[in-house]
Every structure is written in structure tokens, then in C-alpha cells.
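Student: I've got a new structure open and would like to go through its pockets; where do we start?

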Amino acid sequence: MEAMLAFSVPSFHIPIALETQTPFKKSMFLKSQLHSKLPLNSGNTSKFRLFTALSPSPLTESSSNNLQMDDEAEVEKGSEKFDWYSQWYPLMPICDLDKRAPHAKKVMGIDVVIWWDRNEGEWKVFDDACPHRLAPLSEGRIDQWGRLQCVYHGWCFNGSGDCKFIPQAPRDGPPIHTSKKACVAAYPSIVQNDILWFWPNTDPQYKDIITRKTPPFIPEIDDPSFTSLMGNRDIAYGYEVLIENLMDPAHVPYAHYGIMNTIKPKEKLDREGGRPLELSIEEFDVNGFTADQGWSKSKFMPPSIFYAYSDPNKPASSVDTKKSSFQKKFALIFICIPVSPGNSRLIWCFPRNFGLWIDKIVPRWMFHVGQNLVLDSDLYLLHVEEKKISDVGQENWHKACFVPTKSDALVIGFRKWLKKYAGGQVDWRGKYSGALPPTPPREQLLDRYWSHVVNCKSCNLAYKSLNVVEVALQIISVAAIGIVAAMKQGAVSAVTRNSLVVLAVLSFAMSRLLAHFIYKYLRYHDYNHAFR
């Protein structure tokens, strides 16, 4: 999955959407375009030594115990701690938010409602609870005056969270709508990199937090010379597993076999072509870490961003140099959002400074078809893996998992950062018991419609449009048969009659094929590794 590209190999073959096998031809997705390199700036932080084997020799039981003790000693010495509630959190890409309606989202266990305040021209983020009887404001509407209206009893709120109208209050009575108890808690929010961010604290002291601390800035997304198509999906496993999976390039040839192309070693030892990877952590502190993946650099910016880019110190390939002096650049940006235990949200973007024309002629939903297939292909196994980690305890991850090779360096780096600075797991502040939700039926676990399509403007429009086409084809089929049946013998030529029959058959067949396509790629697509 992190692979929404196999981005840790010396030269990668392309973003998911570009190299995944979908019902569309690969040539539509830049098959020939990617042998790229990417940028990164490293901060001046302390050097960090991983508590894993970064030498070819495997870990022994005694060395593993020593590493464990070293790690625990470091945790005790570390004085600086990561505060989960003093960070900016991403909510959604702006391109997938509808200004006409409120949107419900959950982040860090906090239920919020996102809505467009046309009076102030800004996106607003409120507690998703009306102060009257705690009905969800996300089920409400934007009224004719641009206020957020609760549809349970009609209470209305402005962009500051102040109650402006209580229909049940007598007109000649006291102005009870001005009471502080009638207000909705409003969170600080800002749009940056075409993503809406919010600060998870409504205390007035944080009203101007944007002047003191800003969300992480990713220049490629705002650079007009780069493409910046985004996608988002709700994931049925937690934040910790999502992050470490994105940092793990070694799983790509196996978990995504047949849907992603990866560089094959000269000598293949198995069908998939897995190989040793030279990964290492370079700099490490409470603000995350940077890593060297050989051909590229990557950076973890907690709590949400994992960002990979080409090493600017690596020269361009000789092939690219001969063809043009233009340097191709590509970045892999994964934004991971803790929702609740066992649930997370992923926003992704793969900006590149070449092949810009493709995004202009290929609809965004076509890219998402392939990208969602990549997510599906390891979703079930990661859901189950998280259950097993929960059974042994997040704090015992390093004891339960045997990670003796360099290919796991980033995963171990993340787990060590989590333990040393962030309390070993997301701080839910007592909102949950600690138990993961039960495993739903496979059809629900791998459902694409509710986890992605309804939250993506492009895919939602495609879903509705394709359903209209399907119905139109069925109508054409029935109409053609009806016309043939109503015709008197000899009223029209045999050629005309046969043509109508063929039209009816073809229209019906196409409607069935389209229905299958809609269900498989926009509703539910199972994935069985045994038959890949």
C-alpha cells in the first residue's frame, strides 16, 4: 500500500494510478513517464541509532534483549514529549467538500462538522452537536442566510458558533439565543495545500493559534508546475498500522503482486522478486525523522505526514540527461489521520512536474479505481494484523515482532518514535476502552462506496453518471424489443427488424457489463492473494 508506489526501489515505475492494472489501458496512466527523482530538506536534529539489526547478520535472542533494554532506557531519559492535542490535523481535501451541505468527520475521536460560511467566505469546523439536545449538526443544512441550521428544531448558528435564531423562543421574550450555553464550540481551522486543517481544542486561547504554529507545508502541492491530484479513503484499521505500512516498501512485490510493477532484481529467488533493501534512519527527534532509502529521501512529520522525494544530491539518470536537461521530480505524499481505535483516514497526493497533460484528459476517478485496488489488496491482512498487535499490546510490539533486516528500518523508527515521544500509541484521552471494533463482514470491510465514493466528488459523480447510462441502456433494450413486437409482419424490412433486435441485445449486454463494472470498481472488489 505504501506503495501506492514502489517508491523505495532504485528507480520506481510509477504512482499507483499510473501502473496499477485496472480496466483501463496502462498507457493512459503514464506508463512510460516515471524514472524520477525527488527533493527534501533535513532539519538539524540529533543522530539516531535504530534498535534493530542494520547489519546483514540476524538478531540473536540475547542481542534482541539488549536492544529492548537500550530502547527502554532511552524512553526513560527522553524528557521531550509529543502532545497529540497541540497539533494541526487534516480533515479533507477541499476539492472533495461540497459548499452546499455540512460534512461529518471524526478525528482523534472528536466528532466535527465542516461547513462553508458564505458570509465570511471560509470553511468552518464545529463540534458536531447542537447545544439544544446534542443532535448532529452534520445532518443539518445551510439556510438562506448562510447559517448552519440544525434540522431537529431549527436552531441556527453563524460562523463563530453563536446562536442567531431559536424558533421556539417568544419574539417578545428575553433573547435566550445570546446565552453562551446556546453557542456551538468552534475549532480553529485553516486551508493549506488545498487541504482543510483544524486544531483540536476550542479553548479561546487557541483562537489565533495559526499565528504561532502552522500546519506542515508541502511546496510541491502548491507549485503550479506540478500536478496535484488528491484522493481520500476511510480505512478499517488504525493510524499506527497505516503509518508503518506506508513506510514499508518490502511488502510491495508480495501484498500488491499483479497490480503494481516493481523493479526486479537480476537474480530472482522467487516469483515476486523480493530483494534486500538498504534503509536507514538519519535524524530523529520529537518532531519526527528523516530516512535514507538509497535513491531517495523520506520524512515523517508527526502526527500525519509521511513524505518521500528524490535525493537532490543524486544525479539524474544518464538516460534522462541525454534526452533533456529538464529534471523530472516526483513526490509521494501520504497524510494519515487517526480517527478512532481501528479506524483511520488516508489522504494521498503524488505531485510531479512532468506529464501534466494526462491529468487534464483522464478523469480523476479513473486514477482512483487503481489506487483503491492497491488499498484493497492488503486491507484485510492489515486489519487482522492490527487485531494480533492489540492482543499482545502496542507497548509490546518490539517484543512480539521479529524485524532483523534493514528493510524494516523505517517501521522500527516509527515504532520507536511512538514509544519514546508519544506514549506508545495515540492518546484518545479516555474516549475509548482500548478494545478494537469487531471485524465486520468482508463485503463491509472492503466496501468502496461508503469508504471512498461518497467522499470523493469525482467518483461520486462518475457513480451517478454510470448508473444513469446503465438505466438508459436498459430502456433502449426494452424499447427496441417493444417496437419489434408492435410491428406488423411486413410493415418494415427484415433488415430493420433484425437491426432493432441486435440493438436490444447489445444494449442489454452493455448494461449488464456496466453494472458489473460499477459494482466491482465503485462498490466492492474482493481480493484473494492465493489466486493472483
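Tutor: We can start with the lining of the largest pocket, which has 17 nonpolar, 10 polar and 12 charged residues; Asp, Glu, Lys and Arg count as charged. A pocket here is an open set of 1 Å grid points where a 1.4 Å probe fits, with protein on both sides within 12 Å along at least five of seven lines, and lining residues have an atom within 4 Å of a point. The model is predicted, with local features needing pLDDT of at least 70 and side-chain atom pairs 80 or more, while totals for chains, interfaces and linings use all residues. Residues are numbered from 1 along each chain, and side-chain values use heavy atoms, without hydrogens or water.

Student: What volume does the largest pocket have, and which residues are closest to its centre?

Tutor: Its volume is about 900 Å³, and of its 39 lining residues, Lys-105, Asp-234, Trp-450, Val-454 and Asn-455 are the closest to the centre. Among the elements giving two or more residues to this lining are strand E2 (103-107), strand E12 (230-235) and helix H12 (457-486); helices have at least four residues and strands at least two, as DSSP runs.

Student: And what about the second largest pocket?

Tutor: That one holds about 700 Å³ of space, and 28 residues line it, with Lys-124, Ala-186, Tyr-187, Pro-188 and Lys-207 closest to its centre. Strand E4 supplies the largest share of the lining, 5 residues, and by class there are 16 nonpolar, 5 polar and 7 charged residues.

Student: Switching topic, how many helices and strands are in the protein?

Tutor: The protein has 13 helices and 18 strands.

Methods:
Points joined across faces, edges and corners; volume = space filled by probe spheres on them.
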